[in-house]
Amino acid sequence: MVAVNIVEATRVVVDVLPDALIVSSLGTATSAARLATDDGPHFYLGAAMGSALAAALGLAEAVPERQVVALLGDGDFLMGASTLWSVSAWRPANLVVVVLADGAYAITGGQPVAPSLRLAEVADALDGLAGVTADSAGSLRAALTSIDRPGIVEARISERVWPGPSPFVDPAEVVRGVRSNIAAGP
Amino acid sequence: MSTPTAGTPGAAAHNGNVPRGLDWQVAVADRLLAGGVTVAAYVPDSRLDGLLARLGEHGLPLRSLTREEECVGYAAGQRIAGRRPVVLMQSSGVGNALNAIGSLVVPYRLGLPLIISMRGTLGERNPSQVPMGRATASFLGALGIQSFPMRRDSDAAGVTDGVLGLAFGAQESAALLLEPDLGGGREHR
């Protein structure tokens, strides 16, 4: 297995889905999305841990003509995990969930995330939801290209890095950016 | 793959003990529709049931979600796209929703109308409902969100319009509190 870090994984997401609107969870996911999109006009969450997937579900239903990617840390995903059942219920055909599974609460110091995620198996157990595990840049690329929507990809991260850009975003700028992105179209 | 069946709340097995068609339920629903609300995200409650049924009958998309915090997150995603969501919950769920309100909706100024069915206040017989119910307006107030109690049918249109005006006009989240005086709740069961 080739080592994959959060920046590389996020760059694959942006490369495969360049027109997607990204909803990133607090911490490394927001930092990586800012880096990989050159601070593009995306929905970066600065806090609200556990709410990023719900926000992505709402956004996906609001803009059905756009691809929406929920880019989540594993700790964030677990805190709002019941939203995956709502995704199964409402099934937006334009939503892909990518969980950056590095097994750590990175922003608070790298404390371990206790459980295994097993998201492909979870998705398989739910109605109307596809799930894939990716453990290399190549398999992540393949998963994002082929997975049914809505779908969830567990991107297993084997190398920990801090992406760089601050995850402390300016909310007003974020809102303006997302609205301009939507107005500009895919 | 089965298809989603959720939509009108309780459509498959509506409990006849849960009142629908009360004057205030109809009035609030009709003002929400007139105010351009585009989707309702909610966690079920007996007093909200008839209101949601009325919205559903008029074709409004209804999203039953698993947790109040999730309703707020969902609505934030809608609001950032310029849509007009309304969030409905019981007061006991306000505690669940506070982090999404305080660290997403408030700082991003995604003004949301919140419709909160009150438990734990006048006539409540369940002790476990009382602490969260009596603290609801204080919790919201601590985050800068104004709450407007509704106790009479005749208040429905004015309070609903006012809450929508704050949320969608001023971009300030605001809460309409459905008080037990209205009826339709389950304080005594």
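**Exercises on helix packing and nonpolar cores**

Of the 189 residues of chain B, 52% count as buried (under 20% relative accessible area with a 1.4 Å probe, protein chains only). The model is predicted, so local features need pLDDT of at least 70 and side-chain atom pairs pLDDT 80 or more, while totals for chains, interfaces and linings use all residues. Residues are numbered from 1 along each chain as its sequence is written, chains are lettered from A in the order in which they are written, and side-chain values use heavy atoms, without hydrogens and water.

**Exercise 1.** Determine how H1(B) and H2(B) are oriented to each other.

*Solution.* Step one: the axes (lines fitted to C-alpha atoms over the stretch in contact) of H1 (residues 23-34) and H2 (residues 46-57) of chain B come within 8 Å and cross at roughly 45°. Step three: the contact (heavy atoms within 4.5 Å) includes B:Trp24 and B:Leu32 of H1(B) and B:Arg47 and B:Leu55 of H2(B). By class, this contact has 8 nonpolar, 2 polar and 3 charged residues.

**Exercise 2.** Identify the residues with the most contacts inside the largest nonpolar core.

*Solution.* Step one: this core (buried Ala, Val, Leu, Ile, Met, Phe, Trp, Tyr and Cys joined through side-chain atoms within 4.5 Å) has 95 residues, and A:Phe43 and A:Leu59 have the most contacts inside it. Step two: helix H3 (residues 52-62) of chain A gives the largest share, 8 residues. Step three: leaving aside neighbours within four places in sequence, the contacts of A:Leu59 include A:Phe43, A:Ile182 and B:Ile80.

Note on methods
Axes fitted to C-alpha atoms, helices over the stretch in contact; angles between N-to-C directions. Helix = DSSP H or I, 4+ residues; strand = E, 2+ residues; numbered from the N terminus. Parallel < 35°, antiparallel > 145°, perpendicular 65-115°, else oblique. Nonpolar A, V, L, I, M, F, W, Y, C, P; charged D, E, K, R; others polar. Buried < 20%, exposed > 50% of the residue type's maximum accessible area, 1.4 Å probe, protein only.
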